[in-house]
2 protein chains.
Amino acid sequence: MKNFEFHNPTRIVFGLDTVAKLSTLVPHDARVLILYGGASAEKTGTLAEVRTALALGQRTVQEFGGIEPNPSYETLMRAVAQVRSEKLDFLLAVGGGSVIDGTKFVAAAALYDGEPWEIAERGGANVQRALPFGTVLTLPATGSEMNSGGVVTKKATHAKLSFRNPLLYPQFSVLDPGKTFTLPSTQVANGLVDAFVHTTEQYLTYPVQAKVQDRFAEGLLQTLVEIAPQAVASPDDYATRANLMWTATLALNGLIGAGVPQDWATHMIGHELTALYDIDHARTLALVLPALLDVQREQKRGKLLQYGERVWNITQGSDDERIAAAIARTRAFFEGLGIPTRLSAYQLGQEAVEAVLTQLEAHGMTSLGEHRDIDLARSRRILEAAL
Amino acid sequence: MKNFEFHNPTRIVFGLDTVAKLSTLVPHDARVLILYGGASAEKTGTLAEVRTALALGQRTVQEFGGIEPNPSYETLMRAVAQVRSEKLDFLLAVGGGSVIDGTKFVAAAALYDGEPWEIAERGGANVQRALPFGTVLTLPATGSEMNSGGVVTKKATHAKLSFRNPLLYPQFSVLDPGKTFTLPSTQVANGLVDAFVHTTEQYLTYPVQAKVQDRFAEGLLQTLVEIAPQAVASPDDYATRANLMWTATLALNGLIGAGVPQDWATHMIGHELTALYDIDHARTLALVLPALLDVQREQKRGKLLQYGERVWNITQGSDDERIAAAIARTRAFFEGLGIPTRLSAYQLGQEAVEAVLTQLEAHGMTSLGEHRDIDLARSRRILEAAL
């Protein structure tokens with residue numbers, strides 16, 4: 001096991017009908033900005049519940065809607081302007097990972113001396129102050145509700161950059177699985193894949209005798225595999241949605257990644273596919289991961305065998321056959337959720353490979369993966385394996 | 001899954017040679033009291049390392065040694081007197097669960113208006129302020145390094161009471177597995193059992209479709225079973241000791257207990273055995289748990305079958321046979337570590353049953369377990385099953 005620090009101060013308030021607890025979670029004298037995405041927060045009644053809970057106390061409450069999937073710097077800077085001009089001092093994200101990531105950027109940018117895009121360019125290392133904020137999660141997927149990172153996209157340049165800073169943990173996150181009943185099944189499928197790949201990025205590397213981290217990661221993967229059919233087919237199955245929500249949170253709250261090597265190449269390559277072709281984040285992960293596992297199978301041999309055995313019960317055949325079977329099961333899992341694993345499904349071909357490679361180079365993504373051995377040549381092999 | 005709140009703000013600093021980080025973890029201007037137990041902290045050099053790390057900065061540093069296993073109110077109140085008279089403002093526990101539990105009591109008692117034993121009597125609910133404190137863990141077992149609870153014993157009355165309050169999370173805990181190399185093997189065995197039973201108290205109840213919590217609990221149990229022989233036999237096997245340390249912490253930091261029913265009857269009965277007969281805490285758990293599982297097998301049927309299958313790979317036989325096998329494996333696991341599961345091993349018989357029952361009644365422990373159905377009659381059956 002590697003040395004590590006683990007510190008996650010976010011308070012989780014989990015369960016049915018928990019939105020009302022905002023009345024005590026948000027300071028009584030706060031000047032609050034509620035940030036949300038599209039019309040669904042209004043339509044489902046969640047925003048109304050939030051407004052009701054915040055109406056108690058001496059709070060000033062304003063709203064900022066329209067944060068898009070893959071939140072853009074351009075949109076978020078309008079929220080920053082509102083925070084500054086109205087002297088707001090507490091942010092409340094109501095939505096999924098995009099709204100929460102965007103809120104983190106606003107929390108840091110509002111107090112940043114200088115051009116806030118520098119926060120993204122420096123990966124968050126230059127954040128020295130941030131507004132306090134909480135979240136009401138409506139879409140289980142990214143884990144942003146219990147970590148300190150986010151991703152922001154500059155539309156002008158198609159740059160999608162991630163940032164992270166200990167000041168950007170939510171003070172609290174309200175996780176009400178009932179708020180996911182109205183999600184489109186495609187978003188549920190995306191959430192399952194997102195949580196799955198967050199886990200594999202911290203697990204499918206090389207063994208360091210971190211037995212608990214391995215068991216926990218496998219537990220998350222087993223749970224996702226087990227609940228996937230029901231999660232997609234039965235929108236109002238509370239128990240299944242609760243398991244999805246808590247699993248997705250635990251997949252990226254720092255716990256399973258503590259003391260182990262991490263990969264994240266699938267995410268870095270996937271980000272470029274989203275920035276260039278507007279493919280949903282989770283869907284880019286499904287495109288890249290099976291191809292990456294195939295190309296990196298020697299480096300990941302030990303963990304791929306363990307993964308095959310413990311997650312997919314693959315115990316027969318030679319090592320190579322078992323690894324091939326584990327990758328095939330992974331691909332089939334994604335496809336079974338209606339999520340393609342081939343670029344051709346998006347009418348993308350060799351030209352996309354070249355375009356992604358150009359962007360990876362432009363963003364300095366030339367030594368990815370747990371061994372830093374995924375250079376542009378290997379990213380090419382991975383992308384071509386995904387054609 | 002039940003509704004829950006999860007909030008654990010303790011910073012974990014894990015790994016080899018991490019004690020030196022105290023120089024930045026403890027405030028530079030603090031007036032520190034180092035609390036420790038017996039001579040081992042001095043002999044192993046850990047105290048010297050702690051002193052060196054704290055010598056940097058403007059700190060005042062005092063020490064209080066002699067906190068005994070099952071820390072006593074009488075001893076701890078001497079530390080409280082020192083804190084008050086010397087106006088100390090930061091506590092640093094160096095030791096195992098007893099020292100950390102004791103430090104938590106001192107942290108609350110030093111600022112308590114009234115007779116501090118009331119803190120134990122009220123289970124911590126009356127704690128409104130507490131001194132900040134950190135820990136350097138030298139004995140993996142109780143999980144106290146990452147939770148807000150403790151147990152304190154009043155020698156005068158043989159009362160062993162637990163307390164808990166959100167103000168009693170350590171600010172940080174330094175977990176250096178290298179500091180466990182010098183532990184006697186009996187203490188390592190105790191630690192394995194303690195972590196095991198902490199896990200079963202939150203897992204072997206009844207199913208609530210909390211799939212991740214189940215998988216995580218099973219992962220902890222599997223890890224303990226897997227590492228146990230090596231942990232006892234090879235004191236300086238860093239990887240094994242690291243797995244033991246992190247497993248024991250995660251077994252009682254609130255994570256696996258979030259959203260699920262909890263039992264804790266084994267602990268409550270065990271506490272009386274320690275208070276009456278001075279049997280090590282973990283050893284009392286090994287006495288009670290197999291007997292309790294046997295008596296409660298109907299109430300715990302679903303989980304016992306799952307436990308047998310997932311932790312012990314028991315898949316053959318009728319349900320009753322599989323449950324019996326799972327309990328037998330549990331008993332054999334403890335005995336294999338040299339830890340008895342029968343009161344007779346301590347030359348205790350029916351008189352001990354009566355004495356424990358008297359104490360349980362005196363302490364109001366008359367409706368224990370996840371169903372509150374373990375009354376004195378059932379505690380009698382459990383204790384008699386442990387004869």
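Trainee: Through what surface do the copies meet?
Mentor: They meet through the same surface, because 100% of the interface residues of chain B are also interface residues in chain A. Before we go on, this is a predicted model, where local features need pLDDT of at least 70, side-chain atom pairs count only at pLDDT 80 or more, and totals for chains, interfaces and linings use all residues. Residues are numbered from 1 along each chain as its sequence is written, chains are lettered from A and ligands numbered from 1 in the order in which they are written, and side-chain values use heavy atoms, with hydrogens and water left out.

Trainee: OK, now one chain. Which domains does the assignment give for chain A?
Mentor: Domain 1 (11-179) and domain 2 (183-386), with bounds from an automatic or database domain assignment. Their centres, taken over C-alpha atoms, are 27 Å apart. The contact between them (heavy atoms within 4.5 Å) takes 24 residues from domain 1 of chain A and 23 residues from domain 2 of chain A.

Trainee: And what does UniProt place at residues 9-177 of chain A?
Mentor: An unreviewed entry there gives "domain: Alcohol dehydrogenase iron-type/glycerol dehydrogenase GldA". UniProt positions are in the numbering used here, feature names are shortened, and annotations may be inferred rather than shown by experiment. That stretch is 29% helix and 25% strand. Helices (H or I, at least four residues) and strands (E, at least two) are DSSP runs, numbered from the N terminus.

Trainee: What about residues 189-357 of chain A, how much helix and strand there?
Mentor: 69% helix and 0% strand, with the end C-alpha atoms 28 Å apart. UniProt's unreviewed entry calls residues 189-357 "domain: Fe-containing alcohol dehydrogenase-like C-terminal".

Trainee: Which residues are buried in helix α15 of chain A?
Mentor: Ser379(A), Ile382(A) and Leu383(A). Buried means under 20% relative accessible area, exposed over 50%, and partly exposed in between, using a 1.4 Å probe and protein chains only. Seen down the axis of α15(A), its buried residues fall within an arc of 95 degrees, so they line one face of the helix. The arc is that of the directions from the helix axis to the C-beta atoms. What covers them includes α10, α11 and α14 of chain A.

Trainee: Is Thr274(A) buried or exposed?
Mentor: Thr274(A) counts as buried, at 4% relative accessibility. Thr274(A) sits in helix α10 of chain A. Leaving out residues up to four places away in sequence, the residues Thr274(A) touches include Asn70(A), Lys160(A) and His281(A).

Trainee: Switching topic: where is His158(B)?
Mentor: In the loop between β7 (149-154) and β8 (159-164) of chain B. His158(B) has a positive phi of about 60 degrees although it is not a glycine. Most residues other than glycine have a negative phi. His158(B) is partly exposed, with a relative accessible area of 39%.
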